Amino acid sequence: MAEEKKRLREIARPFVVDGPSGVSIRDRLKGLTARDEEVLRAVGIHMGRLASQDLARRVRDGLQHSAETWAVRKRELTAVSSSRWAGSVTASTHDQWGLSRRAQHAHLQSLDAGIRTIRHRLSLPLGEKGARGNPGGYRSRSEWFAKSRRLAVLEDRYEKVRAEQEAGRVSVVRGGRRLLHQRHHLATAGRTTEQWRAKWEAVRWFLTADGESGKRFGNETIRVSPDGEISIKLPAPLARLANAKHGRYVLTARVSFPYRGEEWRDRVTGNRAVAYRIHLDTERGCWYLDASWTRKNLPVIPLDALRAGGVAGVDMNADHLAAWRLDEHGNPVGAPRRFDYDLSGSAGHRDAQLRHTLTRLLHWAKHTGVTAVAIEDLDFTDSTSREKHGRRKKFRQLVSGIPTAKLRARLVSMCAEAGIGVIAVDPAYTSRWGAEHWQKPLTTKNRRTSRHAAAAVAIGRRALGHRIRRRVAPPRDDQSDCRGHRTVQAGPRDRGREGHRPRVPGPRTRSVRAGHGRKAVDQDTQHRSGRPAEHESWRQDPLPLSL
């Protein structure tokens with residue numbers, strides 16, 4: 001008896017990805033004096049200590065948090081800083097607590113998925129092969145026993161995390177848990193104790209001020225004038241360090257923001273809200289100022305308008321992007337493109353690789369004239385667990401290496417600046433069906449089409465609203481008279497899909513000179529089955545009587 005085929009899941013409709021909701025730019029603070037750095041360190045240490053205390057209090061409140069407890073915290077912070085510094089601290093605290101709650105929920109989902117997978121594999125006989133999409137039984141009794149013990153560990157961990165979630169308790173580390181763990185692995189991190197300590201203290205400083213619309217230059221705490229002058233409202237205990245009126249300190253350094261400087265200058269001139277953050281890079285020994293603001297009422301381009309100019313289908317992989325241009329009917333145009341990147345090394349190197357790769361991709365997309373880029377709406381949280389894929393460690397590392405979230409965020413923001421839309425599609429079966437229906441037909445003697453390039457075609461066709469499967473060409477015999485002589489790629493509801501092909505100037509065959517054969521597209525003038533030879537009825541005249 002043939003094995004029953006697995007039922008395919010429903011494919012979600014493609015959608016236009018929303019543009020970035022905010023903008024962030026950065027400039028270096030050059031020419032700071034020793035006095036300036038001393039004041040910045042003093043303010044950062046003081047406000048960082050207050051931010052740590054406020055976060056600890058918010059964690060203790062848990063689900064008992066209310067507007068009254070928030071007001072009490074803000075009043076206490078205002079007494080030792082200022083009302084605006086207190087507002088920035090409490091807003092940052094609430095953001096950190098909410099992020100930790102979302103991470104806690106994601107951790108619970110991951111533990112639940114691992115527990116269900118182990119229980120399923122433990123219930124199968126030893127050595128049983130898995131079905132499509134489902135893992136099989138364990139290979140040996142020793143592995144079965146080890147996984148049964150791991151199941152107990154995961155179940156115990158799940159109960160603890162769930163109890164913490166129900167009680168509203170979260171674990172937050174100001175400065176980052178990764179940097180905290182480096183303290184015990186300094187040799188691996190390539191840092192000395194002094195370097196780690198300087199980095200740890202610098203990232204825990206708090207020099208962030210939220211913007212306010214209607215206030216002078218959009219921010220009263222860290223004020224930056226259109227000509228680049230920076231002044232800071234000092235907290236109450238540090239007012240003795242002021243060198244300007246109203247307890248403010250003016251830095252010697254000035255900023256210009258070479259990137260998006262005109263847009264930033266328009267905002268501060270119009271007194272619109274701009275948030276600022278000052279931070280120190282201990283490895284380079286440089287101070288930086290970040291300016292950020294939100295974007296509202298961004299124009300949304302309809303999906304049909306983006307499809308009209310064709311799309312560039314992009315398949316994301318661990319070491320490259322595979323792209324192919326498709327016209328509005330879903331036909332691949334030109335040759336496929338491959339954009340390589342290397343994600344090894346530091347975080348800065350990885351980020352630079354992504355930016356450089358996406359820049360080349362967008363330059364190519366603008367050169368081809370497409371109006372949108374089609375990508376997969378990927379989420380690999382389920383496919384990177386060792387419980388699901390077992391011994392396939394290389395595969396899990398390969399999947400984990402695909403920069404889905406970072407690449408998608410970068411692509412959306414860069415496409416918004418380039419005037420190119422982003423269409424997200426369901427990733428189901430794109431690689432499999434692309435290789436099945438497009439890899440071989442697109443392979444020529446001089447070009448071997450890869451599986452990833454074929455997947456890019458499948459992604460582009462799904463974004464355009466077409467089926468991934470190609471229409472099969474008609475049989476060789478009688479293809480011109482009855483079956484048709486082309487492989488149609490247009491959609492089933494496109495107007496003119498069954499009409500005549502556009503007239504190509506010049507002769508259709510070598511036996512017809514240029515300017516002749518004008519009735520080649522008119523099938524009614526030909527002797528074809530089911531079509532009249534002429535447009536009007538024909539009747540033979542009677543013979544003349546003179547004959």
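Trainee: What makes β2 and β8 a pair, and in which sense do they run?

Mentor: Two strands (DSSP runs of E, at least two residues, numbered from the N terminus) pair if DSSP finds at least two bridges between them; β2 and β8 are joined over 7 bridges in the antiparallel sense, so they meet that definition. Arg26, for instance, has Asp290 in β8 as its bridge partner. This is a predicted model, in which local features need pLDDT of at least 70 and side-chain atom pairs count only at pLDDT 80 or more, while totals for chains, interfaces and linings use all residues. Residues are numbered from 1 along each chain as its sequence is written, and side-chain values use heavy atoms, with hydrogens and water left out.

Trainee: Why are β2 and β3 called edge strands?

Mentor: The open antiparallel sheet has 4 strands in the order β2-β8-β7-β3, and β2 and β3 (208-209) each pair on one side only.

Trainee: Why is Trp144 called partly exposed?

Mentor: Buried means under 20% relative accessible area and exposed over 50%, with partly exposed in between (1.4 Å probe, protein chains only); Trp144, at 35%, therefore falls in the middle class.

Trainee: How do you know that the buried residues of α8 lie on the same side?

Mentor: In α8 (residues 261-269), Gly261, Trp264, Arg267 and Val268 are buried. They cover an arc of only 125 degrees around the axis, and therefore lie on the same side of α8; the arc is that of the directions from the helix axis to the C-beta atoms. On the other side of α8, Glu262 and Thr269 are exposed.
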